[in-house]
Amino acid sequence: MTVETSTSRKQFLIRSEHMSADDFGELYTRMFGNLYSGMPRPEKPIVIGGVYGRYEGVSFRRLSFRGDLLTAMPDHDDEITFIFPSAGRVVFNQCSDSVGLPSVGLAMEKAQVRSVGFIDGHAHHGLSVRRSLFARRLATLLGRPITQKVRFQPRVDLSNDAFQGIKAIVAMATGNEFDLLINSSALMPARLQEMLVDSVLEIWPHNYSDALRRPAPQIAPRHVKLAMEYIQEHPDAMVSGSDLAELTNVSLRALQEGFRRFVGSSIVAYQREVRLQRAYDALQQDSAQSVSEISLALGFSNVGRFCQYFQNAYGMSPADLRRNLAVPA
């Protein structure tokens with residue numbers, strides 16, 4: 001066993017040739033915290049070999065298991081795990097079993113997994129990504145906040161060469177040749193995180209795939225631009241679609257059709273997106289304002305509803321965002 005690290009930053013990579021599951025878990029806890037405290041110990045001896053890395057909401061791995069590991073899963077952060085099996089079987093139990101084989105890749109929402117089994121000498125490449133990272137990256141790529149949870153196709157056919165691109169990045173990150181670069185560059189872990197997030201968003205089908213592939217939008221007509229500018233300049237204003245239509249000198253139907261065609265959302269949805277983005281920015285600042293004050297100032301009359309919208313858009317609650325910002329790097 002070796003732990004790859006630099007003296008200038010926190011350890012983030014474990015290498016193991018034949019480590020017992022207990023020893024692997026003990027080292028994992030020492031390096032990354034007791035994230036799996038609720039997981040029961042395996043009933044039979046399990047040997048784990050390979051590489052595991054974890055950095056800022058993304059983990060990546062190339063692991064093999066000698067012995068069958070069947071275990072219940074504890075509660076998790078809102079992460080999505082992507083598995084590329086190369087041997088044996090992996091079985092995730094949610095409402096029913098999802099089986100990963102060398103020909104079948106899986107995308108599993110950890111919070112919904114009840115148990116997992118690594119069977120028949122299972123081995124895989126894989127990664128897990130916090131949902132909020134996908135939401136923030138999509139918001140950047142699409143130019144608007146994400147107001148629905150990112151949901152990935154749960155099973156894919158690994159004979160499709162496109163998926164091998166994600167696997168190749170994981171293989172590179174866990175390969176010996178990458179050690180010198182990843183341990184000598186303070187920027188490389190963040191770059192690797194970006195590569196993994198972007199490759200999954202581009203290749204693995206999800207509910208925003210069509211939006212990402214859509215050609216650049218046509219230039220919006222003047223009345224749509226004026227309405228968008230007004231909403232952006234007055235995010236707290238409780239202005240109706242009819243009021244915006246009157247301000248821009250068009251009919252309500254023409255404005256609604258303009259938003260649908262050139263913005264890709266309704267007027268109400270766009271207003272909510274702008275308000276949520278402003279709320280996210282405000283919460284990131286070192287402000288004395290409470291979550292309730294920020295939500296009310298931005299026109300959300302129901303704080304509970306605001307928190308639900310925020311959770312769906314960014315994969316974390318407003319309170320979680322503030323707690324994460326308060327944790328020293």
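**A chat about rings, cores and buried charges**

Trainee: Which residue lies over the face of Y309?
Mentor: R272 does, at 4.2 Å from the ring centre; the charge counts as over the ring when NZ of Lys or CZ of Arg is within 6 Å of the ring centre and within 35 degrees of the ring normal. This is a predicted model, in which local features need pLDDT of at least 70 and side-chain atom pairs 80 or more, while totals for chains, interfaces and linings use all residues. Residues are numbered from 1 along each chain as its sequence is written, and side-chain values use heavy atoms, leaving out hydrogens and water.

Trainee: And which residues of α10 are buried?
Mentor: Helix α10 covers residues 267–284, and its buried residues (under 20% relative accessible area, with exposed over 50% and partly exposed in between, using a 1.4 Å probe and protein chains only) include I267, Y270, V274, L276, Y280 and L283. Helices (H or I, at least four residues) and strands (E, at least two) are DSSP runs, numbered from the N terminus.

Trainee: Which ring does Y270 pair with?
Mentor: Y270 pairs edge-to-face with F259, at 5.8 Å centre to centre and 65° between the planes. Rings of Phe, Tyr and Trp (its six-membered ring) pair if their centres lie within 6.5 Å, with planes under 30 degrees apart stacked, over 60 edge-to-face and the rest tilted. F259 sits in helix α9 (residues 252–263) and Y270 in helix α10, so the pair ties together parts that are 11 residues apart in sequence. F259 has a relative accessible area of 0%, Y270 one of 8%, and so Y270 also counts as buried.

Trainee: How many aromatic pairs does the structure hold?
Mentor: The structure holds 13 aromatic pairs, and F82, F84, F134, F152, F163 and W204 form one aromatic cluster.

Trainee: Changing topic, which residues touch the most other members in the largest nonpolar core?
Mentor: They are F82, L127, F134, F152 and W204, within a core of 35 residues; such a core is a set of buried Ala, Val, Leu, Ile, Met, Phe, Trp, Tyr and Cys residues joined through side-chain atoms within 4.5 Å. The elements that give it two or more residues include β6 (79–93), β9 (115–130) and α2 (131–142), while α5 makes the largest share, six residues. A second, separate core of 23 residues includes I14, I46, F65 and F118.

Trainee: What about R54, is it buried or exposed?
Mentor: R54 is buried, with a relative accessible area of 12%, and its place is in strand β3 (residues 47–55). Its side chain makes polar contacts with the side chains of E79, at 2.5 Å, and Y52, at 3.1 Å. A polar contact is a pair of N or O atoms within 3.5 Å; within protein, one must be able to donate a hydrogen and the other to accept it, and residues adjacent in sequence count only through side-chain atoms on both sides.

Trainee: Which side chain does E109 join by a polar contact?
Mentor: The side chain of E109 is joined to that of R151 at 2.9 Å; E109 belongs to strand β8 (residues 104–109) and, at 14% relative accessibility, counts as buried.

Trainee: Last one: where does E56 lie, and what is its phi?
Mentor: E56 lies in the loop between β3 and β4, and its phi is positive, about 45°, although it is not a glycine. At 55% relative accessibility, E56 counts as exposed. N249 also has a positive phi, about 65°, without being a glycine; N249 is in the loop between α8 (241–247) and α9, and is exposed at 69%.

Technical notes. The expected span of a helix is 1.5 Å times one less than its number of residues.
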